[in-house]
Amino acid sequence: MQTYDVLIIGGGPAATSAAMTLKNRNKTMAVVANKAETGNLYKAEKITNYPGLPPMSGAEMAELFRRQLIDTGADIIEGRALSAMSMGDTFGVSVGSQFYMARCLIITAGTTREKLYPGEGEFLGRGVSYCATCDGMLYRGKTVAVVGGGEEAAQDADFLEGIGCTVLRFPQNGRYEISGEAKASTLTFNGESHSVDGVFIIKDTVSVTRLVPGLTYEAGGIVVDRRMATAVPGVFAAGDCTGKPLQLAKAVGEGNVAALSACDYLDKK
Ligand SMILES: Cc1cc2nc3c(=O)[nH]c(=O)nc-3n(C[C@H](O)[C@H](O)[C@H](O)COP(=O)(O)OP(=O)(O)OC[C@H]3O[C@@H](n4cnc5c(N)ncnc54)[C@H](O)[C@@H]3O)c2cc1C
C-alpha cells in the first residue's frame, strides 16, 4: 500500500490551497474530498471579497476551486473520511471500507453544524455505525435501520439488503432517539419505536471531534499555532475548521501555511 507524504481531509478552498502548495514542493498527496456541493462555499449567494477574482456565486467559485484541486494531480478519494489514527510514524485514514496511509495529515473539513441524535454518540460502535460497507457484515441477517437521504444512504440500504439484512429506511430529518442497554436496540422515529439490531446513520460529514483523536478545541475550532500545527504532531489544520473568522481568504491562507509546515515537518523527519 502506498504511503503518501500528505493526506488532506476535505475538498474545499483550504484543501485546494494546501494541495497547490504541496504540488509545488513535489510531495505525494491524496485528498479525501466530499462532493463540492457539501462545502460552505457552495451555499454562498455571491462572493465579493475574494482578491483577484470578480464577484461570482459561491457555487461557481466552488467549481473553480474543485477544478484546480483536480489539476494538482493529487489522488482524489471521493467520499467521507470516517476516522484517522496515528500508527507511530504514519497515519491511517479510513474512507468507507478502504484504508489509506500518509506521513502527515492536513484537516480542512470546514464546519459541521452537526447535531447528534439523542443516543447517537453514546451507542457509536455499539450498534450505531456511519458505514454500511465497513460494519454491515456484523449485522448479516439482522434488522437494521438506515437513517439518511441521498444516493449514499440508498446505496448503503441496498448493500445491507443484499447481505440479508431486513432494512428499515428513514429520512435524515425527523425526531430520533436511539436507545438500548449494552447495545442500541430501539430506534424511535417521530414517537414510533422500532426494534433494531443496528442503526446506520449516513451523513455528508463526520464531526472533526470524532475524526481525529487527540486534537484540542476552543470556541468550536481546532486549536492550532501560527504554523497551523495541532496538538497532534504531524497533524495540521486549516480553514473554517480552525474557527472564526469563517472567510474564504483566511481558509486559503491557512491552507498554504499548513502545507508549508507539513513540508517542513516531513523534511525534518
Ligand atoms: C451562506 C454563506 C455565505 C458565505 N459568504 C462568504 C463571503 O461572502 N465571503 C467569504 O470570504 N466567505 C464566505 N463564506 C465562508 C466561506 O464559504 C468559507 O470560509 C470557506 O468555504 C471555508 O473553506 P474550507 O475549505 O475551510 O471549508 P469548506 O468550504 O466548508 O470545505 C470543506 C469540505 O470538506 C468536506 N468534508 C468535511 N468533512 C469531511 C470528511 N470527513 N471527509 C471528506 N470531506 C469532508 C466538506 O463536505 C466540504 O466539502 C460564506 C459561507 C456561507 C455558508
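The questions below concern a predicted model.

Q: What makes residues 150-162 a helix of the expected length?
A: Helix α6 has 13 residues. The expected span is 1.5 Å times one less than the number of residues.

Q: Which residues of α6 are called buried?
A: A buried residue has 20 or more other C-beta atoms within 10 Å of its own. In α6, Ala-153, Asp-156, Ala-157 and Leu-160 are buried.

Q: Why do we say that the buried residues of α6 line one face?
A: Look down the helix axis. The buried residues fall within an arc of 100°, so they line one face of α6. On the other side, Glu-151, Asp-158 and Gly-162 are exposed. Exposed means 12 or fewer such C-beta atoms.

Q: What covers the buried residues of α6?
A: The cover includes α5, β8, β9 and β13. α6 lies across the strands β8, β9 and β13, and runs at about 170° to β8. Angles here run from 0 to 180 degrees between N-to-C directions.

Q: How do you know that β8 and β9 pair?
A: A pair needs at least two bridges. β8 and β9 have five, in the parallel sense.

Q: Why are β7 and β9 called edges?
A: The open sheet has four strands in the order β7-β13-β8-β9. β7 and β9 each have a single partner strand, so one side of each is left without a neighbour in the sheet.

Q: What makes β5 and β6 antiparallel partners in a hairpin?
A: Five bridges join β5 to β6, and the strands run antiparallel. The cut-off is at least two bridges, so β5 and β6 pair. Gly-92 stands opposite Met-101 in β6. Two residues lie between the strands of this hairpin. In the turn, Gly-96 has a positive phi of about 60°.

Q: Which strands pair with β6 in the parallel sense?
A: β1 pairs with β6 over six bridges. Thr-3 has Met-101 as its bridge partner in β6. Three bridges join β6 to β16, also parallel. There, Ile-107 has Ala-237 as its partner.

Q: Which residues have the most contacts inside the largest nonpolar core?
A: They are Leu-7, Val-31, Ile-106 and Ile-107, in a core of 53 residues. A second, separate core of 24 residues includes Tyr-130, Cys-131, Cys-165 and Val-196.

Notes. Residues numbered from 1 in each chain as written. Predicted model: local features only at pLDDT ≥ 70, side-chain atom pairs only at ≥ 80, totals over all residues. Arc of directions from axis to C-beta. Contact = placed C-beta atoms within 7 Å. Core = buried A, V, L, I, M, F, W, Y, C linked by C-beta atoms within 7 Å.
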